[in-house]
Amino acid sequence: MSKSLKLITDPLNLNNPITVQVLGICSALAVTVKLEPAVVMSLSVLFVLAFANVIISLLRNTIPSRIRIIVQLVVIAALVILVDQVLKAFAYDVSKQLSVFVGLIITNCIIMGRLEAFALGNKPWPSFLDGIGNGAGYAIILIIVAFFRELFGSGTIWGIEIVPKGFYEFGYVNNGLMILPPMALIVVAVIIWVQRSRTTELIESK
Amino acid sequence: MNTNGNLYTFIYASVLVIVVAAALSFTALKLQPIQEMNVMNEKMQNILASVHIESSRDSAHQVFEKYITRSFVVNAKGEEVQGKKAFDVNLKQQYKKKFENRELPLYEATLEDGSKKLIIPLLGKGLWGPIWGYLALDEDYNTVYGAVFDHKGETPGLGAEIAKKEFQIPFTGKTIYDDKGELIGIEVVKGGKAAAKSAEEYDKHGVDAISGGTITSKAVQKMIYDCLSSYKVYIEENKK
């Protein structure tokens, strides 16, 4: 497999930021009640991560090492505010649902982690791919979690009723627990379980 | 080049911050009109929804102009305050003031059949943050014609359900004054009719609370009562 392709595919499975590195859990719990905000959140993180990676990579030789964390934060914060402002202008309803969580992308460990670990030592193009890969790895988990939580918690997918009316007449009830944050942890844990049992590389030797 | 010198570090940090600040202020200023339009249109949509008129975000402005025939500001004595635009009144600031000093907005909608509805803006505290809404009254200023509620951050699936039609529709037809002419608002009853103290009272003034969203439901009840109290004088002097 070519090196650049690996940059994108690795974080999807073997090096997934959420299920393997267990980063960015906070937002994975908070915004996955419904599919739509989860997708918008994923896209926002993807955008911020890819461009923060590129910008830091371009600046990497000029950044004074003593203030590199601050420089990273400034770049991330600027991009996040940009995303927040654009959402407020063009996707007002979704930005209302995401409310504070867009702002909290700044503290998302995945982003700082990738900047420190990758962008500071690599050229812009690989950094961009790394950002896309990790963003997508984050996105895929968020979307899976949100899919199950919305389906079982509200009986809808993307706001469209999916559970037939007849089910409710036979006594089927949406599971209110799915909507609460603890179930997000459990769903993430189940995903980790499934992933670990199917991927031999991830099984630790005894 | 030495990138670790003090001077270099200072200059680097300053330039970076200035560039970022300039870029962000520029986008914020450019996008501000669109963002304000969104907020304004949403408010109009909410006001219209309280008299059961659906509008899209784009059409909200025109529809609002058509149906909302009068908007005005009243003070605690029930007198109209001249020279203030109801739409621009900041409810939060007004409710922070003492009861006597409040100047609160009111809207009047004229529907297709010529009937006039009084629309009262509401603002209160939910479980996690502010909740707000609009309550439309029939011409007797007693019977509820419609109600909409919204919230900042109530629990999705639980308290957040106050923003759904299922919760709002039962308000229609309820009355806010009891038989003795005392203002009582709308009671949000946990468990619905079966759990209400008196089924007769429930039919007149009660709606079903949201299971799992008791605190938010009660907050809606309190909000309606508190806000109506502020308009009490106006309502009682002008009702037909």
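Reader: Which are the buried residues of α1(B)?

Author: Keep in mind that this is a predicted model. In α1(B), the buried residues are Met44(B), Gln45(B), Ile47(B), Leu48(B), Ala49(B) and Ser50(B).

Reader: What covers the buried residues of α1(B)?

Author: Several elements of chain B do, including α2 (60-67), β1 (68-75) and β3 (103-110). The cover also includes β4 (116-125), β5 (130-137) and β6 (144-151).

Reader: How do you know what span to expect for helix α1 of chain B?

Author: Count 1.5 Å a residue for its 45 residues, 6-50. The span is taken over one less than the number of residues.

Reader: Where is the kink in α1(B)?

Author: At Gln32(B), shortly before the proline Pro33(B). The kink there is about 45°.

Reader: What follows α1(B), and what is its phi?

Author: His52(B) follows α1(B), and its phi is positive, near 60°. This residue is not a glycine. Most residues other than glycine have a negative phi. His52(B) sits in the loop between α1 and α2 of chain B.

Reader: Why does His52(B) count as partly exposed?

Author: Buried needs 20 or more other C-beta atoms within 10 Å, and exposed means 12 or fewer. His52(B) has 15 C-beta neighbours inside 10 Å, so it counts as partly exposed.

Reader: What makes the six strands of chain B an open sheet, and in what order do they come?

Author: The order is β2-β1-β3-β4-β5-β6, and the pairing is antiparallel. β2 (80-81) and β6 stand at the edges, each with a single partner strand, so one side of each has no neighbour in the sheet.

Reader: How many bridges join β3(B) to β4(B)?

Author: Four, and the strands run antiparallel. Two strands count as paired when there are at least two bridges, so this pair qualifies. Thr110(B) has Lys116(B) in β4(B) as its bridge partner.

Reader: How many bridges do β5(B) and β6(B) have?

Author: Seven, again in the antiparallel sense. Gly133(B) stands opposite Phe149(B) in β6(B). The two strands form a hairpin, with six residues between them.

Reader: Is β6(B) mostly covered or mostly uncovered?

Author: Mostly covered. Seven of its eight residues are buried.

Reader: Why is Tyr141(B) called partly exposed?

Author: Tyr141(B) has 19 other C-beta atoms within 10 Å. Tyr141(B) lies in the loop between β5 and β6 of chain B. Its phi is positive, about 55°, although it is not a glycine.

Reader: What span should helix α6 of chain B have?

Author: Its 25 residues, 214-238, should span 36 Å at 1.5 Å a residue. The end C-alpha atoms are 34 Å apart, which agrees. A kink of about 60° is centred on Tyr231(B).

Reader: Which residues of α6(B) are buried, and what covers them?

Author: Among them are Thr216(B), Ala219(B), Val220(B), Met223(B), Cys227(B) and Tyr231(B). The cover includes β1, β3, β4, β5, β6 and β7 (187-189) of chain B.

Reader: How many helices and strands does chain A have?

Author: Chain A has 10 helices and two strands. Along the sequence they read α-α-α-α-α-α-α-α-β-β-α-α.

Reader: What makes chain A as compact as a globular protein of its length?

Author: Its radius of gyration is 19 Å. The globule rule gives 17 Å for 206 residues. The two values are close, so chain A is as compact as a globular protein of that length. Its C-alpha trace spans about 65 × 50 × 25 Å along the principal axes. Buried residues make up 40% of chain A.

Reader: Why is Pro17(A) called buried?

Author: Pro17(A) has 28 other C-beta atoms within 10 Å. The cut-off is 20 or more, so Pro17(A) is buried. Pro17(A) is in the loop between α1 (3-9) and α2 (25-30) of chain A. Beyond its neighbours within four places in sequence, its contacts include Pro11(A), Leu23(A), Ile110(A) and Tyr138(A).

Reader: How many residues of chain B are in contact with chain A?

Author: 21 residues of chain B are in contact with 21 residues of chain A. On the chain B side, 12 are nonpolar, nine are polar and none is charged.

Key. Residues numbered from 1 in each chain as written. Chains lettered and ligands numbered in written order. Predicted model: local features only at pLDDT ≥ 70, side-chain atom pairs only at ≥ 80, totals over all residues. Bend = angle between axes of the 7 residues up to and from the residue. Contact = placed C-beta atoms within 7 Å. Rg over C-alpha atoms; globule rule 2.2 N^0.38 Å. Nonpolar A, V, L, I, M, F, W, Y, C, P; charged D, E, K, R; others polar.
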